[in-house]
Amino acid sequence: MTNQYAKLNIANKEPADCIDFRSDTVTLPSAEMFQAMVGAKLGDDVYGEDRATNELQDYAAELLGKEAALFFPTGTQSNLSAILSHCQRGDEVLIGREYHTFVYEAHGASVLGGVGICTIDTNHRGSVSVEDMLAHIKADDPHFGITKLLCLENTVSGRVQPQAQIDELSDAAHARGLKVHLDGARLFNAHIHTGLSLKDLCYSLDSVSICLSKSLGSPAGSLLVGDQETIRKAKRLRKILGGGMRQVGVLAACGMYALKNNVARLQEDHDNARRLTQGLSECRGLQVSVDESQTNMAFFHCPKEHRENLQLLLLENNILVPKLSSASRLVCHLGISRADIDFTVQVFKAYFSSQ
Ligand SMILES: *Cc1c(COP(=O)(O)O)cnc(C)c1O
């Protein structure tokens, strides 16, 4: 498996001068977002006295149509706290094989919570089927773990999950006594793509984790939303995991700014990803996955013989991309403009026309 977080040698580059397609986590706060930090009403959040954090949590719960929300430093800690709120030691969680909670969270649920992880196959859209999900729920038998939770994801590497599929999976899991958690790190991209309200996207789910630090442009922070009881348990787990922060309103203020100002603009990122996909597909020598580019990502296969030289040429032009591979992924975000897309396509085309 390639490591998508592999480091590039960019020590001599100013991040702000680069067109950085590595991830939508690389965004820097805007002047307005910094201004929001300066104005934040702060207090000790472990005492529940940080007004900026309380306001953000109330706002997010209302936005997603749930009872309560809790601020976390990272999505990994938010997902882990959700899983451990729903599961005890010896229980089991079902997770799609390619989902972040299985692949990129170092098996925290097992390591720290004694929760078994059972994976379910995902199809080309990143979805698990109801039939497969049901088949993986264990019988009440002392040989097996106790299946307690289904963990879904939306979007899955930029692909929007059909809402009917999410709702059907949730209903089927609930009918068998399971809870359902959604890793919605990029749920807002699904919201913009489908036009469905966040409440509708979350209606059938027991808990949802959203990232403020991805395409929404906050420097850090995630929120877990759900019912009062789940959030109460998650608060204890957050403390255990070392995530109880003090005047964290400086970050919550960024999150509030992001939720109020950076959601509708995601359409620009989706348009840019589409424009990039289109441009790259005009390069003879690249195989571009046009169908996969639904939200803010472009995908292509870069043949082995081009990887090193193309990567170098891009770097010389201050264009940062993940290590080129058979499954390259370029991510658009608020730090990348339409002009940046056009320039990038120009560099790709220049490379391939010189071959
Ligand atoms: C980024 C991400 C997370 C959380 O990552 P953190 O870096 O811990 O905030 C979780 N799920 C998905 C799908 C992600 O892309």
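Let's start with a word that comes up throughout: two residues are in contact when heavy atoms of theirs lie within 4.5 Å. Take Gly-90 as a way in. Leaving aside its neighbours within four places in sequence, Gly-90 is in contact with Gly-114, Gly-145 and Ile-146.

Before going further, a note on what you're looking at. This is a predicted model, in which local features need pLDDT of at least 70 and side-chain atom pairs count only at pLDDT 80 or more, while totals for chains, interfaces and linings use all residues. Residues are numbered from 1 along each chain as its sequence is written, and side-chain values use heavy atoms, with hydrogens and water left out.

Back to Gly-90, which sits in the loop between H3 and strand S3 (91–96). The labels come from DSSP runs numbered from the N terminus: helices are H or I runs of at least four residues, and strands are E runs of at least two. Gly-90 is partly exposed, with a relative accessible area of 42%. On that scale, buried means under 20% relative accessible area, exposed over 50%, and partly exposed in between, using a 1.4 Å probe and protein chains only. From C-alpha to C-alpha, Gly-90 and Arg-274 are 45 Å apart in space, and 184 residues separate them in sequence.

Helix H3 itself covers residues 75–86, and its 12 residues reach 17 Å from first C-alpha to last, close to the 16 Å expected at 1.5 Å a residue (that expected span is 1.5 Å times one less than the number of residues). H3 is mostly covered, with 11 of its 12 residues buried. Among them are Leu-80, Ile-83 and Leu-84.

Now for the inside. In soluble globular proteins, nonpolar side chains tend to be buried together. A nonpolar core here is a set of buried Ala, Val, Leu, Ile, Met, Phe, Trp, Tyr and Cys residues joined through side-chain atoms within 4.5 Å. The largest one has 62 residues, and Met-133, Leu-150 and Val-208 have the most contacts inside it. Helix H11 (residues 249–261) gives the most to this core, with eight residues. Apart from it lies another core, of 25 residues, including Ala-273 and Leu-324. As for Leu-150, its contacts beyond four places in sequence include Leu-94, Ile-120, Met-133 and Leu-169.

How do helices H8 and H12 pack? Helix H8 (residues 187–194) and helix H12 (residues 266–281) meet at an angle of about 80°, their axes 9 Å apart. Axes are lines fitted to C-alpha atoms, for helices over the stretch in contact, and angles run from 0 to 180 degrees between N-to-C directions. H8 and H12 are therefore roughly perpendicular to each other, a label for angles of 65 to 115 degrees. Phe-188, Asn-189, Ile-192 and His-193 in H8 meet Leu-266, Gln-267 and His-270 in H12. Helix H12 also holds Ser-281, which is partly exposed at 35% relative accessible area.

Most residues other than glycine have a negative phi, and most peptide bonds are trans. A cis peptide bond joins Asn-154 and Thr-155, with omega about 0°. Thr-155 is in the loop between strand S5 (146–153) and helix H7 (163–175). Ala-106 has a positive phi, near 55°, and is exposed, with a relative accessible area of 65%. Asn-318 has a positive phi too, of about 60°, but counts as partly exposed at 26% relative accessibility.

Methods:
Angles under 35 degrees count as roughly parallel, over 145 as roughly antiparallel, 65 to 115 as roughly perpendicular and the rest as oblique.
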